[in-house]
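Here is a report for a reader meeting this structure for the first time. Please keep the sequence and the model side by side while reading.

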Amino acid sequence: MANFEAYQEYQRIEDFEDSPPGEEDLLVHVPEGLRDSWHHIENLDIFFTRIYHFHQKNGFACMMLSEFFELIQLLFVVIFTTFLFNCVEYDILFGDRAVNHTGPSVNPLDRSKVTLPDAILPCHQCFERIQSSNWIIFLMILAAVFWIYRLIKVIFNVLSYWEIRQFYIKALKIRMDELCNFTWQEVQDRLISLQREQQMCIHKKELTELDIYHRILRFKNYTVAMVNKSVLPVRLHLPILGEVVFLTQGLKYNFELILFWGPGSLFQNKWNLHPKYKRASNRLELAQQLSRVILLAGVANLLLCPLVLVWQVLYAFFSYAEVIKREPGSLGTRRWSLYGRLYLRHFNELDHELQGRLGRGYKPAAKYMNSFASPLLSVLARNVAFFSGSVLAVLIALTVYDEDVLTVQHILTAITVLGVVITLTRSFIPDEHMVWCPEQLLQCVLAHIHYMPDHWKGNASKSETRDELAQLFQYKAVFILEELISPVITPFILIFLLRQKSLEIIDFFRNFTVEVVGVGDICSFAQMDIRRHGNPQWMSEGQTEASVYQQAENGKTELSLMHFTIKNPRWQPPQDSSVFISHLKEKVQQDAQSGPSTQPLLSEAPLCGSLFSNESNTSPNNPLASVFTHPWLKAPGLPSRDWRFLPPNTTVSAAASVLASLSASQPCPASRTHSVNTLLPSNSRHSLPQNHGSTMYFSDRTVVDSMSASDSRLHNSALLMEYASAEMSLHAIYMHEVHQQRAGVALSQIPVSLKEFSCSSGQVVSINPDNRSIPSNRRLGGWMAEQVEEEEETLNRSASESGAVSEVP
């Protein structure tokens, strides 16, 4: 019976069609004047992806020059490595043996110094050494084959991207010297307009922004959803280290090869899942077939492990050796991990959008991670830095007095090593002027990354929270080390972990694949459908029908919907999504009315901006700081926070107030009223104030309307992106706070099974784990005023004696 109930979760979601009835078999007539090579493009996935990459990589010349130098780099690494191993006599270079290849008539003992040509073998001796080693010849043949493959691919890319260049010039009317002045949203708008003239997609009359995103991010959305639902085995449980996250470029490449575009992948082409994976009748057989494919991929990785490992070591050495020598502290810098980029990525979020968002969150995250310091490690680091610095100072003083000291063996090596040690140890010494405020820093990080586990709230000062954030925001040294050991670890992950997930993967693709007319098969989570994938704890209660298995984790559906709506203000969401957005806006309005005045909040923004932001004081991101640092909003989780003596103003109401007043700093307020009336539900339009100076919540669409007639397009586009970023950051804070409050209420309320206690006035009282009676009608913007502890203890004592709960005044 239990197995049957579990199987009930594996039901195919209904296909979603976004074209009007009767257009499925539409034949489009194209006038002769508009007929071009871009009409009825067979593979729109590749076409739109190339258009996007062409824009992001700054045009044809930059792209082709980069690919050309990649070929040169590969050739250089192979030739230079072969030269170092076969054409250099290191005993001569190190002065252990005196032999002169450049001047045989000169006695080498008469020369006082060894030059580089002395240590290099003549060409014929070098070729003889290479020919005598079968392994060297074999590796060079493999490298030559791979280089020829890359050369053919580069030639193909030159031809294909030349066509994209012509498309930009002729169809989109964008010259190459103006390409950098156009944002992707502007290019996307021209693509949508061009669809009406030249039917690039013949299955639909018009394309939407979501259609383009679906085609560019088809496989990426699947990967983000599988990480969100913990389908991919990226978390490893090691005996000593515990749970670690391991995801490298090589492992990610194997995942994509097996699932999406390899010879045994689940897709029969670039846009359709194979029909057999859509049927539940043969799921066990398909799981066994996928398991065999994974096993073959794992064995292939195991056989190629030595070659890939050698390449990784050589490439890392040539890439990072000079940087480490010049800036040893660069190993202590941090970067967003590959797992973090998938965990924090919204559905339907392009690469440049993700990079910009994580880039804004880099400095707050670095400040938070650097705020943790080990006292014991600091003491050791100070003493090691002192001793190393003392020795280094003496060596430098000696070299200044007499430069011949540098000719002493290993003196230069000692100076270099001591400098590296000093730089590394100083990174463990905390800044003496640093102020410990982890909750505010973590809140600032959340404003940009938009996702964090629930248990981080109130626990920002704990090392466990820091360690979990370190999985998303790792040291650069850890990244390099993971990439180096990836060829060794990847085969075992594929063979022993991914194979165990075969049935779960098959069920995932069957249950979460829908067919969209004009787009093909996509991940259903990418539809951002609140009804099918919403989570009731993330403000979609009463609007979703999703089971626990169908819900996206961490509110990804709701946050992704808001992010896509703000980034694409002209996109018209489906009915269910529109209802959710309207409901969210109503909640913001309600909480803004009960929140603090926006004037003192925003007046402190420049000061807070100087503390928590590197932007100028005119940046729209500065209002975010007022939410974090206002004196009314003490960091949650601190013992001094007593809700009974504080005004009913929380981060929820503060975020709502700032979000509602965000439009106050936007230009052309006269054009806003119409835009707001089109966004808010009809039952709330009559309550909107008509004066432009009052507090109001406006969407990013308002900025689009107000800026449409402006002369400075570039300035307005940049300003629009800044306001969109600020608005989404406030939405993320607001939605997380509402979710935390609802989750806290749900956890604190314990249902009474034998009898329902009620007050004489009909007010139901729930008992929390601390044995305190709390009224259940709590407001979203704050807590109801509670009685003092003495009165509560009296009430609880009388309730336990009489078997009933007395009325709470």
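W184 is buried, at 2% relative accessibility. The model is a predicted one. Y52 is buried too, with a relative accessible area of 2%. The two side chains meet ring to ring. The ring centres of Y52 and W184 lie 5.1 Å apart and the planes stand at 85 degrees, so the pair is edge-to-face. Y52 belongs to helix α2 and W184 to helix α8, which covers residues 184-197. The pair therefore links parts of the chain that lie 132 residues apart.

**Aromatic pairs**

How many aromatic pairs does the count come to? It comes to 36. Another of them joins F47 and F167, and this pair is edge-to-face because the planes lie at 80 degrees, with the ring centres 5.0 Å apart. F47 sits in helix α2 (residues 44-56) and F167 in helix α7 (residues 134-171). These parts are 120 residues apart in sequence, so the pair ties them together. F47 is buried, with a relative accessible area of 7%. F167 is buried as well, at 0%.

The table sets out the two pairs.

| Pair | Centre distance | Plane angle |
|---|---|---|
| F47 and F167 | 5.0 Å | 80 degrees |
| Y52 and W184 | 5.1 Å | 85 degrees |

Aromatic residues also gather in a group. F219, Y222, F260, F267, F347, F508, F509, F512, F525 and Y549 form one aromatic cluster.

**Charges over rings**

Which ring does R334 lie over? R334 lies over the face of Y475, 3.8 Å from the ring centre. R335 has its charged end over the ring of F479. Here the distance to the ring centre is 3.9 Å.

**The disulfide**

The count of disulfides comes to one. C87 and C126 form it, with their sulfur atoms 1.6 Å apart. C87 lies in the loop between α3 and α4 (90-93), and C126 lies in helix α6 (residues 123-132). The bond therefore ties together parts that are 39 residues apart in sequence. Is C87 buried or exposed? C87 counts as buried, at 4% relative accessibility. C126 is buried at 8%.

C201 is buried, with a relative accessible area of 2%. C523 counts as buried at 1%.

**Helix α13**

Helix α13 runs over residues 305-326 and has 22 residues. From first C-alpha to last, α13 reaches 31 Å. That is close to the 32 Å expected at 1.5 Å a residue. Where is the kink in α13 centred? The kink is centred on Y320 and comes to about 40 degrees.

C305, Q312, L314 and A316 are buried in α13. The elements that cover the buried residues include α3 (60-86), α12 (283-303) and α21 (476-498). An α-helix has 3.6 residues a turn, so residues three or four places apart point the same way.

Now turn to the loop between α23 (530-533) and α24 (556-567), where M539 is found. M539 is not a glycine, yet it has a positive phi of about 65 degrees. M539 is buried, with a relative accessible area of 1%.

N554 has its place in the loop between α23 and α24. N554 also has a positive phi, of about 60 degrees, although it is not a glycine. How accessible is N554, and what does it count as? At 24% relative accessibility, N554 counts as partly exposed.

**The chain as a whole**

The secondary structure comes to 34 helices and eight strands. The chain has 809 residues, and buried residues make up 46% of them. Contacts tell how sequence positions come together. Among contacts with a separation of 6 or more, 71% are between residues 24 or more positions apart. The pairs described above include examples of distant links: Y52 with W184 is 132 residues apart, and F47 with F167 ties parts that are 120 residues apart.

Terms used. Residues numbered from 1 in each chain as written. Predicted model: local features only at pLDDT ≥ 70, side-chain atom pairs only at ≥ 80, totals over all residues. Heavy atoms only, no water. Phe/Tyr/Trp six-rings, centres within 6.5 Å; stacked < 30°, edge-to-face > 60°. Helix = DSSP H or I, 4+ residues; strand = E, 2+ residues; numbered from the N terminus. Buried < 20%, exposed > 50% of the residue type's maximum accessible area, 1.4 Å probe, protein only. Lys NZ or Arg CZ within 6 Å of the ring centre and 35° of its normal. Expected span 1.5 Å × (residues − 1). Bend = angle between axes of the 7 residues up to and from the residue. Contact = heavy atoms within 4.5 Å. Disulfide = S-S within 2.5 Å.
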